[in-house]
Amino acid sequence: MNNKYFNTKSAFTLISILIISLVISCSKDKNNIAEEVIGTKMVIKVNGILGTDIGQGISTKAAASVGNNNQVGLSLKQHAGGFTVEAMAEQTAIGSLGVANNLAKSVATKLGNSGAMAATQPMTQDFTYRILVYNKETGVLWKTVQAVAGTEVQLDVEKGSNYIWYAYSYNNAETLPEPANIANPSIDAPVNKDLLYATGETSIPVTPSGEHHVYPIAITFQHKMAQVSVKIDASILAKYATINGIKVNFVQDDYLKKGTFDIKGNSMGNLQVVPTTAIFTTTSPTNIWEANYYTADPVALTSFQVKVTDLPVTFNNVDPSMANRNLATYSNATMPAPNIIFNFNFTSPTAGQRLLGLANLSYTATQRRILHYTTTALTNGYGYAAQSGEGWKFINADNNFGTAANSLLRVQKPWYGTTAASTNAGSANYANTQAEFRTKLAENPDVVIIGYNAGIESASTQAALIDYINRKGVVIMMIERSDNAPSVQSFMRQFFNDNGITAAQSGYGSGGTMYRINNVNDEIVNGVFGDLRGKLWGEDFGETMVLGNMSPATLSQIEVYSSGRGINRTPTAAYDNYVTMFKHKTKGLFFVGDGGFISNPRALTSNPDNFNDANRCPFGTDDDNRPKPRLYGTAGNGYTTRQDYAWNSNLFGNAVYWAVKRSEFDGFGTWKYAPAPLTP
């Protein structure tokens, strides 16, 4: 009995001691005393990378130019039409977002430097760095280890000792060997790697015996080189041509320098030029090229020049005999070869900055003449044929069509026969009778826009319009009128040589009808103003003109964008076979059976967002005249009033883009690059 009692008591005592020890251990943990760690430790982790504060915003637009002679500036930079280039220099902290992801959208609005403020950025997890820890008093290397960002490192240290530590990294995952000379360590600073560096001191106090503290070190690296970046963005040019190759070089080969970094001295020395010329030599699937280098002598790099020496392309939508051109060397009897040199300038560059030279390669359509045909007044507020009012504001807005940095279609402005201050298309570019329309068609306008109530009843008008299209004219036909269905039917039969085609209107397609846009992947349905596949367009107020009984031969010539079935109307099998919108595949005709297709509520109210009509004005724009979908459509077939968006404005924008582009490459007049190039 006694032995049994004694054993139970001993077990209870042991358990009590363990609980007390655990409580004491937890208490010490709260006071930074790590009983569970054997010995006193320095615990190291990476806090991040400090960006470089470059102070006040730098005028990046003024910091770059194109060419070293007037010829380049006039023929390319100032949008004379055709191949166009622009340049912008950007000076930011390495790793900051900057502003120049797309020069074409940013260069005009970017006058300062949004990447100027210094900020600590995270280091990529598992990127390597090496830390050297020296005893401050003796100068002897105490510990060195390679570590990775995101993982703490524990190093034994001695109580009562003072340490100086140094950390460095190439900001990548490569192995960093121990320096050969640990007394005076150094590291190479090549032109293809980022060099990060940090240093600090840590004092380890004497604490009571048995106490083992943890002393944290949070490394904040700094860049010790400047990044030199070159970016070529040809995404706009690629909308007009296939880019078959590119060669881009530094004009001089002495821009970049390597060095040797003294780790203890925190200084760069042994500067040597690394001859570098070729930057880009191959194609890119995105038509965007970017190269990053580093220089150990940023103070000396206040500018650099880049030259495009080879740029073979194949233009789309032109005769194959003239499609292949080298835009870096092309010349003809009236146009000298370009000298595509970009000059990038920087203000007091220093380590930690990104010196970016960004060049945009694009295409600017030459000035176009648009003929607007509608029986409404030239000053009509809607501008059903885009001749005035809200329609004119849309096509005349530079952020939609023009040479502004954010223009969605680059085209020389103003439109032919107008000025920058014009509030409408002008009488020379407008017709409101069939006789006037025929006369002006004979003048070969580049593009014709037909809107509400325009008549083509006369046989001579139909013949003139067909002749215009067959002579490479381009027509956006938005037409619907209860008394002109026979004339539309007659026109379509003659144009397609298909006497079975019918044209009709009925209450089935009344105002507020919503039509589904087919899944066609071309530049009208999926273009610069938006991808509209599967979205809806809305009928304005009247009744939709539908085309029926098209033969298989006729249907094979067109891309059908929408049928006659309205999603908010009772399904009728016959209407599934009707066509309400199409584009001819090889000729310049786009048709939609709604004369008020671009009817905009802004013509009626200054607060269009509160305009709730479901059966009129399906064309939406914002305060900057950019296209904007509008809640629209009357109730029916399970569709509630204004349940979904009408995308008329985006679709019209894509149609104008198509029309201008088609008239540029395969319209009237001689295309700029049509003449055979001169032999060098």
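Q: What makes a residue count as touching Asn429, and which residues does Asn429 touch?
A: Contact means heavy atoms within 4.5 Å. Not counting residues up to four places away in sequence, Asn429 touches Arg369, Ile370, Leu371, His372, Tyr416, Gly417, Thr418 and Lys440. This is a predicted model, in which local features need pLDDT of at least 70 and side-chain atom pairs count only at pLDDT 80 or more, while totals for chains, interfaces and linings use all residues. Residues are numbered from 1 along each chain as its sequence is written, and side-chain values use heavy atoms, with hydrogens and water left out.

Q: Where does Asn429 lie, and how many residues separate Asn429 from Arg369 in sequence?
A: Asn429 lies in the loop between strand 26 (409-410) and strand 27 (430-431). Helices (H or I, at least four residues) and strands (E, at least two) are DSSP runs, numbered from the N terminus. Asn429 and Arg369 are 60 residues apart in sequence, while their C-alpha atoms are 7.6 Å apart in space.

Q: Why is Asn429 called buried?
A: A residue is buried under 20% relative accessible area, exposed over 50% and partly exposed in between (1.4 Å probe, protein chains only). Asn429 has a relative accessible area of 2% and is therefore buried. In the protein chain, buried residues make up 52% of the 680 residues.

Q: What makes both faces of strand 24 count as covered?
A: In a regular strand the side chains alternate between the two faces of the sheet. For strand 24, Ile370 and His372 lie on one side and Leu371 and Tyr373 on the other, and all are buried.

Q: What makes helix 4 count as mostly covered?
A: Seven of the eight residues of helix 4 (residues 389-396) are buried. They are Gly389, Glu390, Gly391, Trp392, Phe394, Ile395 and Asn396. The cover over these residues includes strand 24 (370-373), strand 25 (401-402) and helix 10 (648-666).

Q: Why is helix 5 called roughly parallel to helix 6?
A: Two packed helices are described by the angle between their axes and the distance between the axes. Axes are lines fitted to C-alpha atoms, for helices over the stretch in contact, and angles run from 0 to 180 degrees between N-to-C directions. Angles under 35 degrees count as roughly parallel, over 145 as roughly antiparallel, 65 to 115 as roughly perpendicular and the rest as oblique. The axes of helix 5 (residues 434-441) and helix 6 (residues 459-470) come within 10 Å and cross at roughly 25 degrees. Helix 5 is therefore roughly parallel to helix 6.

Q: Which residues make the contact between helix 5 and helix 6, and of which classes are they?
A: Helix 5 contributes Gln434, Phe437, Arg438 and Leu441, and helix 6 contributes Ser460, Thr461, Ala464, Leu465 and Tyr468. By class, this contact has five nonpolar, three polar and one charged residues.

Q: Why are helix 6 and helix 7 called oblique to each other?
A: The axes of helix 6 and helix 7 (residues 485-496) come within 10 Å and cross at roughly 40 degrees. Helix 6 and helix 7 are therefore oblique to each other. Their contact is made by Gln462, Leu465, Ile466, Ile469 and Asn470 of helix 6 and Ser487, Ser490, Phe491, Gln494 and Phe495 of helix 7.

Q: What makes strand 3 and strand 18 edge strands?
A: The open sheet of four strands has the order 3-23-12-18 and mixed pairing. Strand 3 (82-93) and strand 18 (288-295) each pair on one side only. Strand 18 pairs with strand 12 (residues 226-233) in the antiparallel sense over eight bridges, with Tyr293 as the bridge partner of Val228.

Q: Why is strand 22 called largely enclosed?
A: Four of the five residues of strand 22 (residues 341-345) are buried, so the rest of the structure largely encloses this strand. Strand 22 pairs with strand 19 (residues 303-310) in the antiparallel sense over five bridges, and Phe344 in strand 22 stands opposite Phe304.

Terms used:
Ala, Val, Leu, Ile, Met, Phe, Trp, Tyr, Cys and Pro count as nonpolar, Asp, Glu, Lys and Arg as charged, and the others, Gly among them, as polar. Two strands pair if DSSP finds at least two bridges between them.
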